[in-house]
Each structure stands twice: as structure tokens, then as C-alpha cells.
Amino acid sequence: MSLPGTPPPLLVVVPGLGGSVLSTPDGRWTWDAGSLDVGALLQAPHRLSLAESPELVPTGLTDQVAVGPWTMAAGYRPLLRALQRYFGPLKTVVHRRGQAPVADADVLLFPYDFRHGVVHAADRLGVCVASYLAGAATGRRVIVLAHSLGGLVARHWLGPGDGAKSCAALITLGTPHRGAPKALDWLVNGVRVRGNELATATALLREWQTSYDLLPRYRAVLRVPADGLERPPAGEAPVPAPGEEPPSRDGACYPEELDEAVLPGPYRARAADSYTMHRNLQGSWDELFRQGRCPTTVAVFGRDHPTLNRAETDGLGLRVDKWRGPEWLANSEWRGDGTVPGFSAIPPELDRVPLAWLAVPERHRMMTGSREVLDTLRNLTAASMADTLDGGPEPGRARLGIDVEDTVPAGAETQITAELFGHVPSGLLPQGWVELERLGWDPFLKALPLELLEIPEPPRSPVWRATIPALAPGVYRVRVQLTLTGQDPVWSEEDIAVLPL
């Protein structure tokens with residue numbers, strides 16, 4: 001995992017929202033969203049309040065899939081296991097404040113208190129990396145592998161934090177570089193499961209700085225007449241220059257420009273402050289890009305899965321849609337990874353550098369175990385072409401996008417749909433199924449047939465559907481697989497939390 005004549009890079013893993021284990025300073029209570037105990041998690045989220053617990057100590061990364069009081073988050077065991085398989089024995093350490101750096105570490109896990117926002121975590125990341133490089137061999141640098149919110153943390157350290165000189169490469173996985181309408185939906189409409197608001201989770205998110213740092217930093221909300229949230233934008237906006245946004249001729253606005261009835265003033269003020277932070281972050285990266293001092297950057301994104309992507313307001317409320325794209329923006333036909341819109345996962349300075357984009361079939365939480373990501377990491381650290389892997393799906397290969405709620409109430413059925421993209425051979429066999437596995441328990445597998453809804457004329461894609469029966473509380477892995485003539489099966493996975501509401 002090194003280049004000729006240079007010390008091996010230190011791989012720094014920065015998790016996303018909810019991906020860190022947090023403990024009270026006295027150690028009497030621990031927030032570990034990877035525990036899979038959904039009942040306990042629903043009873044304890046008030047402890048994540050900044051008012052009740054202003055200081056929590058990061059102690060590790062969540063192991064399995066993480067269940068938060070607001071949504072699902074990633075677990076990092078698959079990534080760490082895959083790193084060992086790809087690169088051989090690696091010495092992996094967890095950064096903990098007050099502990100001396102491990103000089104011969106290969107992989108550094110950086111947990112952080114994800115409630116306090118991007119700047120708070122980035123400052124601590126800078127101190128952490130500096131302590132490890134201070135005692136390292138001359139010339140040692142880091143490669144940062146950052147998931148979701150972690151990508152914003154890493155970029156703030158590298159840009160405004162002046163960490164770029166210490167970084168050889170940055171790989172961001174599903175990072176909302178331009179924000180995510182899902183965060184705006186949470187802030188305005190609250191955290192909901194089948195229409196039931198999780199009041200404590202909503203209050204937490206409105207308190208945390210992170211929620212405002214994840215808001216769209218582009219004109220994401222279309223203003224529509226008061227008689228309905230359906231009017232399409234008038235005309236087509238011109239294609240923006242790199243890093244710029246289209247004009248607001250279509251009536252689209254920023255979150256901080258929403259009416260008082262939709263987003264009250266104190267929330268708008270915090271949204272405006274976060275927008276300023278993002279402007280400063282992007283300005284520093286634009287300058288690095290202009291000077292040719294940017295670390296090698298790879299932006300990993302998904303684009304096939306229905307994702308909250310288009311927001312509309314009539315001045316009284318807000319609706320966010322996952323089936324229609326914001327046609328007043330570029331690449332509006334892209335969907336996303338189920339959490340972050342595809343175009344938002346591309347940093348603005350890379351708008352016209354498509355070689356820095358890496359589309360993967362996995363959904364947001366599953367990206368951490370993507371083979372394409374691991375191949376990219378290996379290629380970035382290879383000593384020669386002989387050490388690289390091909391990586392990536394074959395051009396034109398079929399891809400599967402799925403849509404399923406990630407949190408559902410116990411006792412209720414759940415619909416799952418699957419849509420096929422890419423090259424579909426004429427001899428398509430419309431055979432597919434859904435497998436369910438209950439995580440953390442004895443093996444529990446249930447196979448359900450997928451019903452083919454339609455095979456429309458191109459360019460529309462074939463769609464399948466299945467009904468998942470009512471399940472007991474717990475966390476389940478859902479795997480959708482389709483069999484195609486002349487190709488290996490195509491599949492996609494997601495985890496769902498069944499909550500005892």
C-alpha cells in the first residue's frame with residue numbers, strides 16, 4: 001500500500017452521520033447505533049441532546065448497520081474486513097483524544113461527535129492527523145476515505161483547515177457536497193415513519209448544527225402557486241459554468257429564503273450561516289484547484305435509486321419528491337443513492353472533470369463495501385500498473401435501482417420496487433426475488449417472488465415489485481436479485497429498521 005521511494009500512506013477513515021460510537025465522559029452511557037437494539041435506541045435518543053449531553057466522547061466506529069433515532073446509518077465492519085482482504089494484514093487503530101499516536105499504524109479510524117457540525121469535526125480531524133504525521137517518516141501523507149457527512153468534514157480540513165499539503169488523495173462516498181433535500185425535509189416536516197412523527201428525533205435534528213450543514217447549498221426549492229405544488233418550472237435554465245448555479249428565473253430558492261410559515265426565522269438564520277461556511281469551503285477548494293494543489297479526488301456516487309431530489313413550496317408548506325428530478329438543474333435525470341442526489345455527490349470544482357466521478361450500483365449505506373471503491377483505493381496506492389485491478393462494472397452492464405423505506409413500523413407491510421437500467425438483453429428473463437435476513441439473530445432467510453409490473457418501450461426501464469410482510473422489530477437486510485439471459489444476476493441491497501412504534 002505504498003508508492004516506490006515513499007513511505008506508505010496512512011489511510012484515514014472518516015464515517016458519516018451516526019457512524020461514530022459516542023460515550024459520556026464518565027463512561028456510564030454509550031451511544032452505539034450499531035447495537036441493533038431498536039427498542040433501546042428509541043428510548044434513549046434524548047441523551048443525544050446537546051442540552052443534556054453537550055460533550056460526548058467519540059470512542060469508535062459503528063460496527064454493523066447503524067440504527068439512529070432519525071434514520072439508518074452505515075456500519076463499517078464490511079469496509080474494514082475488505083481492507084484486510086485487499087491489502088493483507090493492516091494495523092488499524094482508533095483515534096481517541098488523549099492517547100498517543102501509534103507510529104506504525106496503517107489505518108486510522110476517526111470517530112467524531114457528529115452533532116456539532118462540519119467545522120467542529122474538521123478542526124479535530126486536523127489535530128488528529130497532525131499528531132500522527134508529526135512522528136512519521138519524512139514525506140508520509142494520508143489518503144482519506146470519507147463516507148457521507150465525513151466527506152464534508154474532510155474537505156473542510158483539507159481546504160479552510162489547510163490540510164491539503166498532507167493529503168495524497170481523497171475518496172468521498174455519497175458525500176452531499178451540495179447538500180441533500182432530505183435534510184431540508186427533516187427540518188421542515190419532521191422525522192416521520194409512515195406519517196407518524198418521531199418528535200424526539202425531530203427536536204434533536206433541529207438542535208444539531210449538522211442538520212443545517214447538510215441543507216442544500218443550491219437553489220433546491222421551486223416556488224409554486226398557492227393552489228398546488230405541481231407547476232413545472234417555466235423554460236429551461238442555461239447550463240451553468242463550472243462551480244456556478246443557474247439563475248433563479250424558474251422561481252427556485254435557497255432553504256434560507258423560504259417563507260416564515262415554512263421555515264421559521266431562527267432556522268433560516270442557522271441555514272444562512274451554514275451556507276456561508278459552504279461558500280468559504282468551496283472558495284478554498286476553487287483556489288486549490290486553480291493552483292493545481294488539490295489532492296487527487298474521486299467522488300463516488302449513486303444515480304439509479306429513487307432519492308428525495310426535488311422540493312416545492314407554496315409559501316405554506318414544503319413537499320420533497322423522489323420520483324421527479326429538479327429539471328431547472330443540470331443532470332436532473334439522475335436519481336441518487338437513496339439518500340444523496342447523484343449530482344450533489346460531485347464537488348463543484350469537478351463539474352467538468354468526469355474522470356474524477358465514480359458511479360457505483362450500491363445504495364448510500366452499502367457504498368462502504370463497494371468493490372469499485374476498494375479497487376480505486378488499490379489503484380491510488382499501486383506501485384505499478386501490474387499492481388492495479390480492473391475495477392468497475394462493465395460498460396453498459398445492467399444495473400438495479402431499488403426503492404424501499406429504511407424505517408418502517410412493526411406490524412405493517414412494506415412495498416419494494418426494483419427498476420433495471422443499462423443494457424437489457426432482448427431475451428430478458430423476468431425472474432427475480434427478494435431475500436430477507438434478520439441481522440444479529442440466528443440466520444433468518446425468507447425468499448419472496450418479485451412481480452413484473454411492466455416492460456415498457458425504451459427509454460423507460462422494466463419495473464418489478466414485491467410486498468414484504470409485517471415483521472417483528474429488528475434490523476433486516478433486504479437483497480433484491482434479478483436473473484438476466486446471458487449475464488450474471490444483478491442485485492442490490494438495503495437495510496431496513498422495523499420499529500416498535
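The model is predicted: local features need pLDDT of at least 70, side-chain atom pairs count only at pLDDT 80 or more, and totals for chains, interfaces and linings use all residues. Residues are numbered from 1 along each chain as its sequence is written, and side-chain values use heavy atoms, with hydrogens and water left out.

**Cores**

- The largest nonpolar core has 83 residues; such a core is a set of buried Ala, Val, Leu, Ile, Met, Phe, Trp, Tyr and Cys residues joined through side-chain atoms within 4.5 Å.
- Buried means under 20% relative accessible area, exposed over 50%, and partly exposed in between (1.4 Å probe, protein chains only).
- The residues with the most contacts inside this core are Val12, Val14, Leu125, Val142, Val144 and Leu149.
- Helix H3 (residues 118–134) gives the largest share of this core, eight residues; helices (H or I, at least four residues) and strands (E, at least two) are DSSP runs, numbered from the N terminus.
- Another core, of 25 residues, lies apart from it and includes Leu90, Leu145, Met367 and Leu374.

**Sheet**

- Seven strands form an open sheet in the order E7-E8-E1-E9-E10-E15-E18, with parallel pairing; two strands pair if DSSP finds at least two bridges between them.
- Strand E7 (92–94) and strand E18 (357–359) stand at the edges with a single partner strand each, so one side of each is left without a neighbour in the sheet.
- Strand E1 (residues 10–14) and strand E8 (residues 107–109) run parallel and are joined by three bridges.
- Within this pair, Val12 stands opposite Leu108 in E8.

**Helix H4**

- Helix H4 (residues 149–158) packs on the sheet, touching E1, strand E9 (142–147) and strand E10 (167–173); contact means heavy atoms within 4.5 Å.
- Ten of the ten residues of H4 are buried, among them Arg155, His156 and Trp157.
- These buried residues pack against E1, H3, E9, E10, helix H7 (209–213) and helix H8 (265–291).
- Leu149 touches residues including Pro15, Tyr112, Phe114, Val118, Pro176 and Leu214, not counting residues up to four places away in sequence.

**H3 against H4**

- H3 and H4 pack at an angle of about 65°, with their axes 8 Å apart; axes are lines fitted to C-alpha atoms, for helices over the stretch in contact, and angles run from 0 to 180 degrees between N-to-C directions.
- Among the residues making the contact are Val118, Leu125 and Val129 of H3 and Leu149, Leu152 and Trp157 of H4.
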